[in-house]
Amino acid sequence: MNILFNDSSVTVAIVGCGGFVGCHLLDAVLARTKWHVFGVDLDFYRIQHRLNDERCEFMVADLADKSVVERIAKYPVVVNLAAICTPSRYMAEAPEVIRSNYDHPAALVDACAKSGSWLIHFSTSEVYGRTSADSGLLVEDETELTFGPVTASRWSYATAKLLTERYIAGLKNLKWTVVRPFNFVGPYMDFMPGVDGSGIPRVLANFSSALVRGEPLKLVNGGVAKRSFTSVFDAIDFLFALFEAGQMGRASVLGTAAHAACVTECVAEKSPFSQAFNVGNPDNEITIAELACKMREIFAEIKGIPLESIPEPEKISGVEYYGKGYDDSLRRLPSVEKAERLLGFKAQTPIDVVLRESLTWFVMHYGFPNH
Ligand SMILES: NC(=O)c1ccc[n+]([C@@H]2O[C@H](COP(=O)([O-])OP(=O)(O)OC[C@H]3O[C@@H](n4cnc5c(N)ncnc54)[C@H](O)[C@@H]3O)[C@@H](O)[C@H]2O)c1
């Protein structure tokens with residue numbers, strides 16, 4: 001264990017600690033470091049097994065609450081994962097989505113700027129906007145960011161996330177890093193509609209739910225859009241590479257008076273500070289139709305049933321499936337050069353492994369005996 005991870009005086013605040021990424025980050029911090037965790041979320045149903053851990057303090061609270069924000073910003077490292085981030089909600093609840101992805105994090109940004117905490121803020125690959133089928137690698141500091149019209153409320157999420165990024169980058173005295181996830185997948189992602197959540201979950205949980213229920217997978221607009229799927233465990237390794245690189249600013253991370261020196265250091269070459277990072281796996285790029293195909297095959301193997309017994313996927317229009325305001329980006333291929341150059345990080349897990357791991361967990365967790 002390196003010096004930073006061995007330091008039991010460090011407490012990391014994880015906001016959105018009970019969510020998909022948060023529960024994996026919590027497990028990893030407890031397993032790989034001697035740090036303490038201050039976890040905040042609206043609920044903690046995914047992490048019941050951790051609630052009595054002596055290195056953790058959990059608070060059921062809303063980031064909208066200013067007193068909670070002040071409390072979070074007392075800690076030297078703040079990872080903000082909290083967000084409404086389910087596509088079906090972007091169409092139906094744009095104002096709430098914007099408040100969740102701009103207003104609430106902006107208050108936390110201000111508080112961290114005041115306290116000197118290192119804010120690691122989770123944004124999204126959706127900030128690259130309405131990419132076309134032939135768009136190439138998306139590069140953090142080069143690619144143009146173009147969204148669809150305001151009548152397509154699907155862009156409410158991306159717009160709010162991007163505004164928060166700009167707000168963060170505009171504050172001179174904030175120590176920050178922005179993370180842009182590209183389709184993280186793995187155990188504990190989202191929910192099964194009607195069992196532990198309602199509405200439409202993200203694609204992996206959506207397809208997994210349909211397979212478990214023996215229903216056809218719905219290919220929105222033919223499933224021609226491409227995505228690069230990334231293991232959530234690779235994403236956690238990215239965060240550890242980031243924490244490690246943060247040792248350069250260790251004095252500030254640990255809350256001593258070296259804040260001014262640290263801000264100077266932020267612009268230094270190879271610094272993880274004042275940077276937005278893509279976190280993705282370009283080797284795992286597939287169309288959604290190919291994803292459906294792979295998931296059917298893996299599900300048949302896991303259950304030991306013939307592939308033909310699983311319903312064929314069905315095509316459906318985006319508006320029919322998600323409602324008015326639907327729009328999409330057709331390709332999202334991350335450049336991962338920056339994370340490799342500055343942090344020495346590259347996602348490793350191949351798509352088939354990621355999908356098998358995720359689907360096996362889903363089947364065991366929800367365990368429906370209908371096949
Ligand atoms: N998982 C991905 O592939 C992906 C892709 C793009 C962006 N992101 C971003 O990464 C972050 C984490 O994503 P995730 O997949 O873990 O999402 P998630 O929905 O599983 O977790 C988010 C957590 O934040 C909590 N939360 C929401 N609003 C809150 C509030 N006001 N106060 C306190 N807690 C609140 C939720 O209860 C939830 O547990 C999000 O900011 C998301 O926008 C994730």
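Visitor: At roughly what angle do the axes of H1 and helix H7 cross?

Guide: They cross at roughly 55°, and the two axes come within 10 Å of each other. Keep in mind that this is a predicted model.

Visitor: What makes H1 and H7 oblique to each other?

Guide: Set the angle against the cut-offs. Angles under 35 degrees would count as roughly parallel, and 65 to 115 as roughly perpendicular. The crossing is at roughly 55°, so H1 and H7 are oblique to each other. The crossing is also right-handed.

Visitor: Which residues of H1 and H7 meet?

Guide: From H1 you have Phe20, Val21, His24, Leu25, Ala28 and Arg32.

Visitor: Why is H4 called roughly parallel to helix H5?

Guide: Here the angle is about 15°. The cut-off for roughly parallel is under 35 degrees, so H4 is roughly parallel to H5. Their axes lie 8 Å apart, and this crossing is right-handed.

Visitor: Which residues make the contact of H4 with H5?

Guide: On the H4 side, look for Ala94, Val97, Ile98, Asn101, Tyr102, Pro105, Ala106 and Val109. H5 brings Ser156, Tyr157, Ala160, Lys161, Leu163, Thr164, Tyr167 and Ile168. They divide into twelve nonpolar, three polar and one charged.

Visitor: Let's turn to the ligand. Which residues come nearest to the ligand?

Guide: There are 24 residues around the ligand, and Gly16, Gly19, Phe20, Ala83 and Cys85 come nearest. H1 (20-32), strand S2 (36-41) and H4 (94-115) each give two or more residues to that shell.

Visitor: Which element gives the largest share of the shell around the ligand?

Guide: That's H1, with three residues. As for the shell by class, you'll find 13 nonpolar, nine polar and two charged residues.

Key
Residues numbered from 1 in each chain as written. Predicted model: local features only at pLDDT ≥ 70, side-chain atom pairs only at ≥ 80, totals over all residues. Near = placed C-beta within 6 Å. Helix = DSSP H or I, 4+ residues; strand = E, 2+ residues; numbered from the N terminus. Nonpolar A, V, L, I, M, F, W, Y, C, P; charged D, E, K, R; others polar. Axes fitted to C-alpha atoms, helices over the stretch in contact; angles between N-to-C directions. Parallel < 35°, antiparallel > 145°, perpendicular 65-115°, else oblique. Left-handed = near helix turned anticlockwise from the far one by under 90°. Contact = placed C-beta atoms within 7 Å.
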